[in-house]
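Hello,

Here is the structure you are taking over. My notes on salt bridges and on one pair of packed helices follow below it.

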Amino acid sequence: MDVKDTRTLNHELVLHKGFKLIRGTHDPDDVDQIFNLEIRDSDVFVVTYPKSGTIWLQQILVLLEANGDVTAITKINNNSDLIPWIEISGSRQAFITASSPRMRVTHLPYQLMPLALSQGKGKVIYVARNPKDVLVSYFYFHKMASMLETPKDFNDFFEKFVRGDVFGSSWFDHIKTWYSHKNEMNMLFITYEEMIQDLRSAVERISLFLGKELSDEQLANVVKYSTFDNMREIPQASYKQVPVNLLNHHQGRFMRKAFPKIRITDKFGLWRQQ
């Protein structure tokens with residue numbers, strides 16, 4: 001989602017190489033060129049299925065880069081100004097010319113991402129979330145996102161989600177494919193539920209993975225301003241400043257509610273009730 005893109009949006013999904021994109025938001029030809037991008041060792045990609053913690057990781061990474069200084073966020077409109085989606089039309093060219101470290105988020109599947117990642121270049125942080133919680137969050141997001149079709153009802157959306165007939169295609173294929181290739185690249189695989197359970201430990205893992213050296217006070221500030229309650233009050237983190245033609249804030253909040261009941265994961269990244 002490009003918060004600066006004010007072009008006429010429609011709800012049509014475009015199937016491209018087995019993955020559903022959004023017409024008017026993504027250009028399949030441009031997406032194809034992502035595969036051959038030259039990747040630097042300092043590049044960082046946060047990979048998620050939609051509604052799985054993308055903006056949470058944006059907030060954490062922005063704060064880690066700022067050594068916990070939350071005032072750095074006040075100088076931008078939204079966190080996506082600093083860490084945009086790589087697949088949005090026009091974002092690829094900006095990535096090529098950007099200075100290091102280049103940080104991007106993406107919902108793309110493994111097969112459409114830069115080949116160099118599987119050759120050990122750059123870093124990948126994959127955030128996975130319980131599919132039942134993704135389903136509910138994605139349903140409500142469709143009601144406010146202008147570029148997505150408004151669901152007829154929950155049952156209809158449930159069927160589309162299970163079939164993979166939504167932007168992002170199948171949750172099951174997305175996580176399975178990325179997880180199966182995790183040993184081929186520099187990847188940190190972390191779950192949304194682990195972050196809920198112990199945000200401090202999750203931030204420490206991310207910081208260590210990125211080679212950051214923050215003081216205890218700086219790290220504490222990253223954690224403090226990455227909590228749900230604090231992010232909800234920070235316009236740049238909660239996307240309150242996104243124009244209404246992209247997100248209809250009258251239909252709900254981007255950050256809709258507190259995090260759900262904690263679940264734990266087994267070694268395969270599959271969920272079971274605690």
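K160 and D156 form a salt bridge, with 3.8 Å between the closest N and O atoms. This is a predicted model, so please read the distances here as values computed from predicted coordinates. Both residues sit in helix α5, four residues apart, which puts about one helical turn between K160 and D156. K160 is buried, at 18% relative accessible area. D156 has a relative accessibility of 21% and counts as partly exposed, because the cut-off for buried is under 20%.

Salt bridges with shared partners also link K20, R163 and D165 into one network. Within it, the side chains of D165 and K20 meet at 3.9 Å, N to O. D165 belongs to the loop between α5 (154-163) and α6 (171-180), while K20 is in strand β2 (residues 19-22), so this pair ties together parts that lie 145 residues apart in sequence. D165 is partly exposed, with a relative accessible area of 29%, whereas K20 is buried, at 18%.

Another salt bridge joins the side chains of K212 and E65, with an N to O distance of 2.2 Å. Here K212 comes from the loop between α8 (199-209) and α9 (216-224), and E65 from helix α2 (residues 54-65), so the pair ties together parts 147 residues apart in sequence. K212 is partly exposed, at 26% relative accessible area, and E65 is also partly exposed, at 33%. The count of salt bridges comes to twelve; the pairs described above are among them.

Now the helix pair. How do the axes of α4 and α5 cross? The axes of helix α4 (residues 131-144) and α5 come within 10 Å, and the crossing angle is roughly 120°. That angle makes α4 oblique to α5, because roughly perpendicular covers 65 to 115 degrees and roughly antiparallel begins over 145. The crossing of the two helices, α4 and α5, is right-handed.

Which residues make the contact between α4 and α5? On the α4 side they are P131, V134, L135, V136, Y138, F139 and H142. On the α5 side, F154, F157, F158 and F161 meet them. By type, the residues of this contact of α4 with α5 divide into ten nonpolar, one polar and no charged.

Regards

Terms used: Residues are numbered from 1 along each chain as its sequence is written. This is a predicted model: local features need pLDDT of at least 70, side-chain atom pairs count only at pLDDT 80 or more; totals for chains, interfaces and linings use all residues. Side-chain values use heavy atoms; hydrogens and water are left out. A salt bridge is a side-chain nitrogen of Lys or Arg within 4 Å of a carboxyl oxygen of Asp or Glu. Buried means under 20% relative accessible area, exposed over 50%, partly exposed in between (1.4 Å probe, protein chains only). Axes are lines fitted to C-alpha atoms, for helices over the stretch in contact, and angles run from 0 to 180 degrees between N-to-C directions. Angles under 35 degrees count as roughly parallel, over 145 as roughly antiparallel, 65 to 115 as roughly perpendicular and the rest as oblique. A crossing is left-handed if the near helix is turned anticlockwise from the far one by less than a right angle, and right-handed if clockwise. Contact means heavy atoms within 4.5 Å. Ala, Val, Leu, Ile, Met, Phe, Trp, Tyr, Cys and Pro count as nonpolar, Asp, Glu, Lys and Arg as charged, and the others, Gly among them, as polar.
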